[in-house]
Amino acid sequence: MTTDSRHGWRVVPNLARGLQLTDIDQLWIADITYVHLAEEFAYLAIVLDAYSRKVIGWAMATHLKAELAIAALDQSIAVRRPPPGSVIHHSDRGVQYACAEHAARLAAHRIQPSMSRIGNPCDNAKAERIMRTLKDEEVDGRAYCDIIDAKKSIGEFVERVYNRHRLHSALDYLSPDEYEAGLTRLRQDPPAAMQNLENCP
């Protein structure tokens with residue numbers, strides 16, 4: 001079990017429910033799953049941009065301490081550099097996300113915390129979906145010798161397969177990287193970008 005919500009830390013309201021997204025870096029979704037190694041378990045923490053479905057931060061360790069979730073969050077912040085107050089960070093109610101260390105990191109970057117309602121897996125459905133994709137397409141049936149082997153293989157899947165090449169119906173059958181590249185072109189030259197869209201078959 002990767003989620004332990006039996007703790008005394010503050011649980012915050014769900015700010016993601018019903019949120020209408022219009023761009024990247026408005027809502028980040030975080031989750032943790034386990035991975036079988038030859039002689040132990042490893043744990044994978046991810047942060048996903050809810051608009052583009054891109055994994056923007058991830059970390060692996062053989063423990064479930066708060067530093068695992070914080071490492072994935074730190075990577076996301078370093079990669080995206082969101083303006084203060086612009087992002088909501090949504091997660092389950094696990095102790096890794098509710099604890100003082102994680103809350104302090106969010107507060108330091110003025111990122112708003114949000115947590116799923118109790119017993120409602122639909123609140124974090126996008127994170128659950130990527131974890132299922134990861135398990136189905138990379139993890140299941142693989143025999144990772146150790147954490148180093150798992151990090152290498154899973155990292156390549158996340159960066160080279162999922163972000164660059166995996167198509168999503170919600171993204172007009174583009175990969176997350178392609179979808180975000182289109183958003184960048186649209187911001188830089190809106191008329192040309194719209195014309196290119198109109199010329200698409």
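Let's start with Arg80 and Glu180, whose side chains meet in a salt bridge at 2.7 Å, N to O. By salt bridge I mean a side-chain nitrogen of Lys or Arg within 4 Å of a carboxyl oxygen of Asp or Glu. Arg80 is in helix 1 and Glu180 is in helix 6, so this pair ties together parts that are 100 residues apart in sequence. Helices here are DSSP runs of H or I with at least four residues, strands are runs of E with at least two, and both are numbered from the N terminus. Arg80 and Glu180 are both buried. Buried means under 20% relative accessible area, exposed means over 50%, and partly exposed is in between, with a 1.4 Å probe and protein chains only.

Before I go on, a word on what we're looking at. This is a predicted model, where local features need pLDDT of at least 70 and side-chain atom pairs count only at pLDDT 80 or more, while totals for chains, interfaces and linings use all residues. Residues are numbered from 1 along each chain as its sequence is written, and side-chain values use heavy atoms, with hydrogens and water left out.

Back to the charges. How many salt bridges does the structure hold? Nine. Another one is Asp177 with Lys54, at 2.8 Å, N to O. Asp177 lies in helix 6 and Lys54 in the loop between strand 2 and strand 3, so here the parts being tied together are 123 residues apart in sequence. Asp177 counts as partly exposed, at 24% relative accessibility. Then there's Arg142 with Glu138, at 3.0 Å, N to O. In that pair Glu138 is buried, at 9% relative accessible area, whereas Arg142 is partly exposed, at 41%. Salt bridges with shared partners also join Asp25, Asp49, Arg80 and Glu180 into one network.

Now the overall layout. The protein has seven helices and five strands, and along the sequence they follow the pattern β-β-β-α-β-α-α-β-α-α-α-α. Of its 201 residues, 44% count as buried. If you take the contacts with a separation of 6 or more, residues 24 or more positions apart account for 63% of them; contact means heavy atoms within 4.5 Å.

On to the inside. In soluble globular proteins, nonpolar side chains tend to be buried together. A nonpolar core, for this talk, is a set of buried Ala, Val, Leu, Ile, Met, Phe, Trp, Tyr and Cys residues joined through side-chain atoms within 4.5 Å. The largest one has 21 residues, and the members touching the most others are Trp28, Ile32, Val47, Leu68, Tyr97 and Ile111. Strand 1, strand 2, strand 3, helix 1 and helix 2 each give two or more residues to this core, and helix 1 gives the most, with five. Take Leu68: leaving aside neighbours within four places in sequence, its contacts include Ile32, Tyr43, Ala59 and Met60. There's also a second, separate core of 20 residues, with Ile130, Val139, Tyr144 and Phe157 among them.

Beyond four places in sequence, Thr133 is in contact with Glu138, Phe157, Tyr162 and Arg166. Lys126 is in helix 4 too, but at 31% relative accessibility Lys126 counts as partly exposed. Its C-alpha atom is 9.5 Å from that of Asp49, which is 77 residues away along the chain. Not counting residues up to four places away, Lys126 touches Leu21, Ile29, Leu48, Ala50 and Arg53.

Last topic: the rings. Rings of Phe, Tyr and Trp (its six-membered ring) pair if their centres lie within 6.5 Å; planes under 30 degrees apart count as stacked, over 60 as edge-to-face and the rest as tilted. That rule gives two aromatic pairs. In one, Tyr34 and Phe41 have ring centres 5.7 Å apart and planes at 85°, so the pair is edge-to-face. Tyr34 is partly exposed, at 36%, and Phe41 is partly exposed as well, at 38%. The other pair, Tyr51 and Tyr179, is tilted, at 5.9 Å centre to centre and 50° between the planes. Tyr51 is in the loop between strand 2 and strand 3 and Tyr179 is in helix 6, 128 residues apart. Tyr51 is buried at 18% relative accessibility, and Tyr179 is buried at 17%.
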